Amino acid sequence: LRLVLGLEAKNPGIILPDADLDLTIKECISGTLSYNGQRCTALKVLYVHESIIDEFNKKFSEAVDHLNYGLPWEKDVFLTPLPEPNKPQYIKDLIDDAVAKKGGEMTDNYTYPAVIYPVNDDMNLYHEEQFGPVVPIIPYKDINEPLDAMAASDYGQQVSLFGRDVRKIGPLIDILANLVC
């Protein structure tokens, strides 16, 4: 019932070591930051295998830096103002908490996207649904690490898997069958 009745979400993206990074980055940008991350189906945390974490972080951060900011009706705009007056400060508080426990610039109605790495379970960002333009990245060594974190979560979740080997992805889909994958 805890999973079925979850009204918030900490939807993870799990990036396997053999993922096509260019495609994965494109999909993770869309998954984490479209609509400023303020949608129920947004990716709220990225688990990236430690063997590719440095390359992923470099490419992902560069892609975030190249996103255009403006009003929704302006051409080629991807990032827009936030609809709630208190949301930028809330996002800043999450960033400050994460940085203090080893970002982003903000205005009255806009928070520049922040990519936070590494995130751990001591941080509020690990536990709370940020519902905004901040992307927590957690490295993992063994696939059971993100699976265990998901099982321990109080949130309902959807999952995105990124990888090429169907022999590895297939069993993960079976394990995650009670979630939307």
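**Group meeting: core, surface and one loop**

Let me start inside. The largest nonpolar core holds 23 residues, and I14, Y47, I116, L125 and V134 touch the most other members. Which elements supply at least two residues each? They are β2, α3 (87-100), β3 (114-116), β4 (134-140), α5 (144-152) and α6 (166-175). Of these, α3 gives the most, with four residues. As background, nonpolar side chains in soluble globular proteins tend to be buried together.

Please keep in mind that this is a predicted model.

Now the whole chain. We have six helices and five strands. Read from the N terminus, the order is β-α-β-α-α-β-α-β-α-β-α. The chain has 181 residues, and 45% of them are buried. Its accessible surface comes to about 9800 Å². Carbon and sulfur atoms account for 53% of that surface.

Which residues form a negative surface patch? E50, D142, E145 and D148 do. Take E50. Its place is the loop between β2 (45-49) and α2 (53-65). E50 has 40% relative accessibility, so it counts as partly exposed. The cut-off matters here, because exposed means over 50% and buried means under 20%.

Last stop, D154. This residue sits in the loop between α5 and β5 (160-162). Buried or exposed? D154 is exposed, because its relative accessible area is 61%, and the cut-off for exposed is over 50%. Now look across to H127. In sequence, D154 and H127 are 27 residues apart. In space, their C-alpha atoms are 8.9 Å apart.

Note on methods: Residues numbered from 1 in each chain as written. Predicted model: local features only at pLDDT ≥ 70, side-chain atom pairs only at ≥ 80, totals over all residues. Heavy atoms only, no water. Patch = residues over 30% accessible without salt bridge, like charges linked within 9 Å, V, L, I, M, F, W, Y side chains within 5 Å. Areas by Shrake-Rupley, 256 points an atom, 1.4 Å probe, with all protein chains shown as cover. Salt bridge = Lys/Arg side-chain N within 4 Å of Asp/Glu carboxyl O. Lys, Arg positive; Asp, Glu negative; His and termini not counted. Charge placed at Lys NZ, Arg CZ, Asp CG, Glu CD. Buried < 20%, exposed > 50% of the residue type's maximum accessible area, 1.4 Å probe, protein only. Core = buried A, V, L, I, M, F, W, Y, C linked by side-chain atoms within 4.5 Å.
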